[in-house]
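I opened the notebook to record what I looked up, one entry at a time. The sequence and model come first, then the entries.

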Amino acid sequence: PHTTHSCEARSQRTMNAYIGKKLTLISKSDIRYEGTVYSLDTTDSSLTLTGVRSFGTEGRREVGPQIPASNETYASIIFSGKDIKSVEVIAEPGAPQAPAQQAPAQQAAPPPQQWQPPPQQQQPPPPHSPHRTTRH
């Protein structure tokens, strides 16, 4: 019984690491949702997201009508595990971003701009320095 408990505790800690993370979720209906993880319930295999936006099917459906995106932001949605096709954590700003699994061509990002360092400026030495040089 002790090993089962430690596995459950480890699993719970792993699940809690996702709380507060932003996810993109594809439902079995091929609808993409984005929201923040509020809770993960292993007992009933559910996932609750808050601040949820629906992006519709975005051309994923091969049969049946496409579902358009919604302008509404839902306070929260509870997803049953059996209704989830895929889940992916959205990289936070500054973190390396994984390539999107199914990025539609019309949403391609513009090419990255070449970074150029700012022009170097001569900084005067600190006031306590005995050697002061000035450039004009």
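**Entry: a facing pair.** I began with serine 27, which stands opposite isoleucine 84 in β5. Serine 27 itself belongs to strand β1. Strands here are DSSP runs of E with at least two residues, helices are runs of H or I with at least four residues, and both are numbered from the N terminus. I noted that this is a predicted model, in which local features need pLDDT of at least 70, side-chain atom pairs count only at pLDDT 80 or more, and totals for chains, interfaces and linings use all residues. Residues are numbered from 1 along each chain as its sequence is written, and side-chain values use heavy atoms, with hydrogens and water left out.

**Entry: is serine 27 buried or exposed?** Serine 27 counts as buried because its relative accessibility is 7%. The cut-offs are under 20% relative accessible area for buried and over 50% for exposed, with partly exposed in between (1.4 Å probe, protein chains only). I also listed what serine 27 touches, leaving out residues up to four places away in sequence: Tyr33, Asp83, Ile84 and Lys85. Contact means heavy atoms within 4.5 Å.

**Entry: the sheet.** I traced an open sheet of 5 strands in the order β4-β3-β2-β1-β5, with antiparallel pairing. β4 and β5 (84–89) are at the edges with a single partner strand each, so one side of each has no neighbour in the sheet. The twist from one strand to the next averages 40°. Such angles run from 0 to 180 degrees between N-to-C directions, and the axes are lines fitted to C-alpha atoms, for helices over the stretch in contact.

**Entry: bridges.** Two strands pair if DSSP finds at least two bridges between them. I found 5 bridges between β1 and β5, antiparallel. β1 and β2 are also antiparallel, over 5 bridges, and β2 and β3 pair in the antiparallel sense over 7 bridges.

**Entry: two hairpins.** β1 and β2 form a hairpin with 4 residues between them, and aspartate 30 in the turn has a positive phi of about 70°. Aspartate 30 is buried because its relative accessible area is 11%. The hairpin of β2 and β3 has 4 residues between its strands, with serine 45 in the turn at a positive phi of about 50°. Serine 45 counts as partly exposed, because its relative accessibility is 44%.

**Entry: threonine 24.** Threonine 24 lies in strand β1 and stands opposite glutamate 34 in β2. Threonine 24 is buried, with a relative accessible area of 13%. Leaving aside neighbours within four places in sequence, its contacts include Arg32, Tyr33, Ser86 and Val87. I checked one distance: threonine 24 and phenylalanine 55 are 31 residues apart in sequence and 10.0 Å apart in space, C-alpha to C-alpha.

**Entry: which residues make up the largest nonpolar core?** I wrote down 11 residues: Leu23, Leu25, Ile31, Tyr33, Val37, Leu47, Leu49, Val52, Ile77, Phe79 and Ile84. Two or more residues come from each of β1 (22–27), β2 (32–41), β3 (46–54) and β4 (73–80). β3 gives the most, with 3 residues. A nonpolar core is a set of buried Ala, Val, Leu, Ile, Met, Phe, Trp, Tyr and Cys residues joined through side-chain atoms within 4.5 Å. In soluble globular proteins, nonpolar side chains tend to be buried together.

**Entry: leucine 47.** Not counting residues up to four places away in sequence, leucine 47 touches several residues, among them Leu23, Leu25, Val37, Ile77, Phe79 and Ile84.
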